Amino acid sequence: MSADNVIIFDTTLRDGEQSPGCSMTVAEKLTVADALVELGVDVIEAGFPIASPGDFEAVKAIADKFGTRTTICGLARCRKDDIERAGAALAGAEKRRIHVFLATSAIHRQFKLKMAKEEIVKATIEHVKLARQFTDNVEFSPEDAARTELDFLCEVVENAIAAGATTVNIPDTVGYATPNHYFQVITHLRNHVPNIDKAVISTHCHNDLGLAVANSLAAVEAGARQVECTINGLGERAGNAALEEVVMALKTRGDYYKVGTKINTPKLCGTSRLVSSITGMIVQRNKAIVGQNAFAHEAGIHQHGVLQERSTYEIMRSEDVGYVGSNLVLGKHSGRHAFRTRVQELGFTIDDNTFQRVFEDFIILADKKKDIYDADIVALIDNRVNVSADRWHLVKFQVAAGTGTIPTATVELRDGENEQTVCDAAIGDGPIDAVCKAMERILGVSATLKDYQVRSVSGGKDAQGEVLVELMALGKRYHGKAVSTDIIEASAQAYLKALNKAIAECPTEVAQPGV
Ligand code: KIV
Ligand code: ZN
């Protein structure tokens, strides 16, 4: 890491996953980790191994698979068991880090930990030393640092470094800091902790006041050289600092910050879409950098300016973040070659098999829809790539619904494991509910719908609808996303994807699928 680079520590799989409704399966975490490695993040915080067997399994799988390419980190409280569990999960990674944390603010000391200052310092030293037995890359976080008395914060940080911490993270756990305040906290540490130059100063900001990115940048200005952040700003409550915003601020305003990152920025939008699709957390249209409107100009005067000279109204180049607009591109008569070229121009590299399936979907779509937009192509690709190997597939369905009728659905599913098709019927509150109930009957799983969202992928009456569902099945929440010009079909496919995930995770808990 060069002296003028900032380390990008991604915590989408740990703090991001703590976001309500954002839990991911181990397979999904591996997919996200793969994307983060390709994006070029320096550290992936893969989870909190002691939290559950699933968390342990995910950290271990990520450490084993990616630990030679990127540093994989596991979180641990200042407890022996936590640290040993993190050490065990990370053992397969050549590059590994243990992140130990303990709260330091008066509020946390008094009400949560019921520990005196001396006990906090003692526990910090003891557990940083223990973590060093598993790796020489140890990060320490004084939780709620932004509300901790400065002299005590300095004392803890100094002791953590003396005990062997190589990174000291200064979390604004509750999103209380403001940029100038946070700048001063970091500056104070730099001026008052005698051994501060032995460790990298890191920032970890929550977004409760909408200031997480601004605070992170203020910390960088004050000398922090690691930023902890998440894709799309996912995270506890209002989230963490958004990785894409921090990275593009440092890049766009390199003249001011004079530091860079190793992030492969054209992969930002694709990674954002992947995380949104897996977690079911939709990215708002006007979200900076990765939102659908981030580079769309509506006002005529702006459009005119951009056509004359792009920099009149654009401070970043859309291709630098992998932004896909809503250009009208293809139609029914566009052939395979034109389609492949456009897929490549959009920045996707997909294998021949997947390309063939996406192309077939395109042909079907072009028959139903006059104009195909970039966003349609992206949706078709999203539909086919990064999906876990689903066991059950929708063959066909039929619904009867209308005023004065009982909504009824007949569904046929194919079991990819046994190559058999199974058919069943159900009634429901509406046609979509009836289809979902019929699928539950076939699979022997009962689920409760927790969230359902539908939006159009592009404009026009024949636009594709994108459906996101979140359901509760076999004791956990699962997400599914699908697109189709037929909303009932998109809903059925999204629901089936979520049910497939539940079955894959808990095969023994399923009543008797297919019988
Ligand atoms: O917000 C926080 O304080 C955390 C710590 C575990 C670093 O997430
Ligand atoms: Zn946090």
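This is a predicted model: local features need pLDDT of at least 70, side-chain atom pairs count only at pLDDT 80 or more; totals for chains, interfaces and linings use all residues.
View 1. The space inside the largest cavity amounts to about 450 Å³. Its lining is made up of 24 residues, and those closest to the centre are R273, V290, Q292, V378 and R455. Two or more lining residues come from each of the elements α11 (268–279), α15 (374–384), β14 (447–456) and β15 (465–473).

View 2. Strand β15, which contributes to the lining of the largest cavity, runs antiparallel to β16, and the two are joined by 9 bridges. Within this pairing, M472 stands opposite R477 of β16. The two strands form a hairpin with 2 residues between them, and in the turn L474 has a positive phi of about 50°. Strand β16 (residues 476–484) is largely enclosed by the rest of the structure, because 7 of its 9 residues are buried.

**View 3. The zinc site.** The zinc ion (ligand 2) is coordinated through OD of D15, NE2 of H204 and NE2 of H206, at 2.0 to 2.1 Å. Along the chain, the donors of this zinc ion follow the spacing D-x188-H-x1-H. Both H204 and H206 are buried. Since water is not among the atoms, the site may look incomplete.

View 4. A disulfide is a covalent bond between the sulfur atoms of two cysteines, and a pair of cysteine sulfur atoms is counted here when the two lie within 2.5 Å. By this rule the model has 0 disulfides. For C78, the closest cysteine sulfur belongs to C73 and lies 14 Å away, which is too far for a bond. The residue C78 is itself buried, with a relative accessible area of 10%. For C205, the closest cysteine sulfur is that of C229, at 10 Å, so this pair too is too far apart for a bond. C205 has a relative accessibility of 0% and therefore counts as buried.

How values were computed: Residues are numbered from 1 along each chain as its sequence is written. Chains are lettered from A and ligands numbered from 1 in the order in which they are written. Side-chain values use heavy atoms; hydrogens and water are left out. Donors are N, O and S atoms within 2.8 Å of the metal (3.2 Å for Na, K and Ca); water is not among the atoms, so sites may look incomplete. Buried means under 20% relative accessible area, exposed over 50%, partly exposed in between (1.4 Å probe, protein chains only). On a 1 Å grid over the protein atoms alone, a cavity is a set of points where a 1.4 Å probe fits but cannot get out, and a pocket is an open set with protein on both sides within 12 Å along at least five of seven lines; lining residues have an atom within 4 Å of a point. Grid points are joined across faces, edges and corners, and a volume is the space filled by probe spheres set on the points. Helices (H or I, at least four residues) and strands (E, at least two) are DSSP runs, numbered from the N terminus. Two strands pair if DSSP finds at least two bridges between them.
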